[in-house]
Amino acid sequence: MLEPIGVSGEDEAVYRGLLSRPDTSPHDLAAALDRGAAEVRRSLARLEELGLVHQLPGEPTRMRAARPDVAIDALADRRREELARTQLAARTLLAEMPADQRYRPEEIVEVLVGWPEIASRFEQLLGATRQELMVIDRPPYVADPGRSDSSVRRLLRAKVRVRGLYAPEALDLPGALAEVQDAAGAGEQSRVHAGLPMKLAIGDRRLAILPLGGQSADAAVCIRPSALLDALIQLFELLWEQATPIAAPVPEGTSGDRQLAVLLASGAKDDAVARRLGTSTRTLSRRIAELLDHLHVRTRFQAGVQAVRLGWLPPSAHDVEGPDDRLVDH
């Protein structure tokens, strides 16, 4: 289990043995594991260096195992930092290659043809991402949304930073708004932008998948480290700064007015908001009018500003951007 973070199977067995036998001496632990005492002491020394065990104060012959949820998390974080440094070093090593070998087009841009190949490569990108996933999301979709959502949740559980930029039409699909809000609640940083020019996925700033072909999305390119990849990353960052954050779902029991304000701030159209609330668009219009009346304002934009003042929305979720702001009337 612990080999991915640098712990051998033999050392892990010693760590597990010490977990179940707190404060055991190396001699007694060796007997319990049917191992040689010197071999167990060497394992304990390596585990102590990794922060997985420590000596008891005043009792240098006895060891105690560190809490797994704390020590292993810290060790995993350290390994991620080491891998990140190694990835940066790889770019430095790249400069040692001859220029004609370093910049061969087929090693920078790879063309993918057909939905199955694009979907398969996208899943590979998700599976290989360890630090950060950046996604521009808009229809049409080539991968199974449920499978992709499951992969993204796995990344969030692994403490990978996930940033998603959504086109308004992506939130109009049945269940999409609820899924995006749930992802935000699970730790995804989600924003909506009305002017997204294309779909895009970037893993660890090392590989990008850019679908081509407009609405058909029947071709894509994989882009590896290059000035082109750097430009796509910069484009994502610029769009990110312009986009409106999507708030996580409000807790159970929260007032209906606050829930409605959060949904309106997501940038979704009225049809999508009505589906999320399980009501009709006609009833939604009445509820919006009641919300405006309750907040003593006349427009949705003013309602958003007032919602921020009341603490219903974070300030960054309602930056004033002029007539294209997502809180004006649809």
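Modeller: A helix here is a DSSP run of H or I that is at least four residues in length, and helices are numbered from the N terminus. The model is predicted. The part to look at is helix H1, which covers residues 9-20 and includes Glu12.

Start with Glu12 and Arg16. Both residues belong to helix H1, four residues apart, which is about one turn of the helix. Glu12 has a relative accessibility of 7%, which is under 20%, so Glu12 counts as buried. Arg16 has a relative accessible area of 44%, between 20% and 50%, and is therefore partly exposed. Leaving out residues up to four places away in sequence, Glu12 touches Met1, Leu2 and Val7.

Next, the contact of H1 with another helix. Two packed helices are described by the angle between their axes and the distance between the axes. The axes of H1 and helix H3 (residues 37-49) come within 9 Å and cross at roughly 85 degrees. That angle falls in the range of 65 to 115 degrees, so H1 is roughly perpendicular to H3. On the H1 side, the contact is made by Glu10, Asp11, Val14, Tyr15 and Leu18. On the H3 side, Val40, Ser43, Leu44, Arg46 and Leu47 take part. Sorted by class, this contact has six nonpolar residues, one polar residue and three charged residues.

Another one joins the side chains of Glu39 and Arg35, at 3.1 Å from N to O. Glu39 is partly exposed, with a relative accessible area of 33%. Glu169 forms a salt bridge with Arg138, and their closest N and O atoms are 3.2 Å apart. This pair links distant parts of the chain: Glu169 is in helix H9 (residues 168-171), while Arg138 is in the loop between S4 and helix H8 (145-157), 31 residues apart. At 32% relative accessibility, Glu169 counts as partly exposed. There is also a network of salt bridges, which links Glu132, Arg161, Arg163, Arg205 and Glu237.

Now the rest of the chain. Its secondary structure comes to 15 helices and ten strands. Eight strands form an open sheet with mixed pairing, in the order S3-S9-S8-S7-S4-S5-S6-S10. Strand S3 (109-113) and strand S10 (244-245) are the edge strands, each pairing on one side only. Strands of a sheet pair through backbone hydrogen bonds, either parallel or antiparallel. S3 and strand S9 (residues 219-223) run antiparallel and are joined by five bridges. Within this pair, Val109 stands opposite Ile223 of S9. Helix H7 (residues 115-128) lies across S3, strand S4 (132-137), strand S7 (200-203), strand S8 (207-212) and S9, and runs at about 130 degrees to S3.

Two totals complete the view. Of the 330 residues in the chain, 41% are buried. Among contacts between residues at least 6 apart in sequence, 67% join residues at least 24 apart.

Terms used
Residues numbered from 1 in each chain as written. Predicted model: local features only at pLDDT ≥ 70, side-chain atom pairs only at ≥ 80, totals over all residues. Heavy atoms only, no water. Helix = DSSP H or I, 4+ residues; strand = E, 2+ residues; numbered from the N terminus. Buried < 20%, exposed > 50% of the residue type's maximum accessible area, 1.4 Å probe, protein only. Contact = heavy atoms within 4.5 Å. Pairing = 2+ DSSP bridges. Axes fitted to C-alpha atoms, helices over the stretch in contact; angles between N-to-C directions. Parallel < 35°, antiparallel > 145°, perpendicular 65-115°, else oblique. Nonpolar A, V, L, I, M, F, W, Y, C, P; charged D, E, K, R; others polar. Salt bridge = Lys/Arg side-chain N within 4 Å of Asp/Glu carboxyl O.
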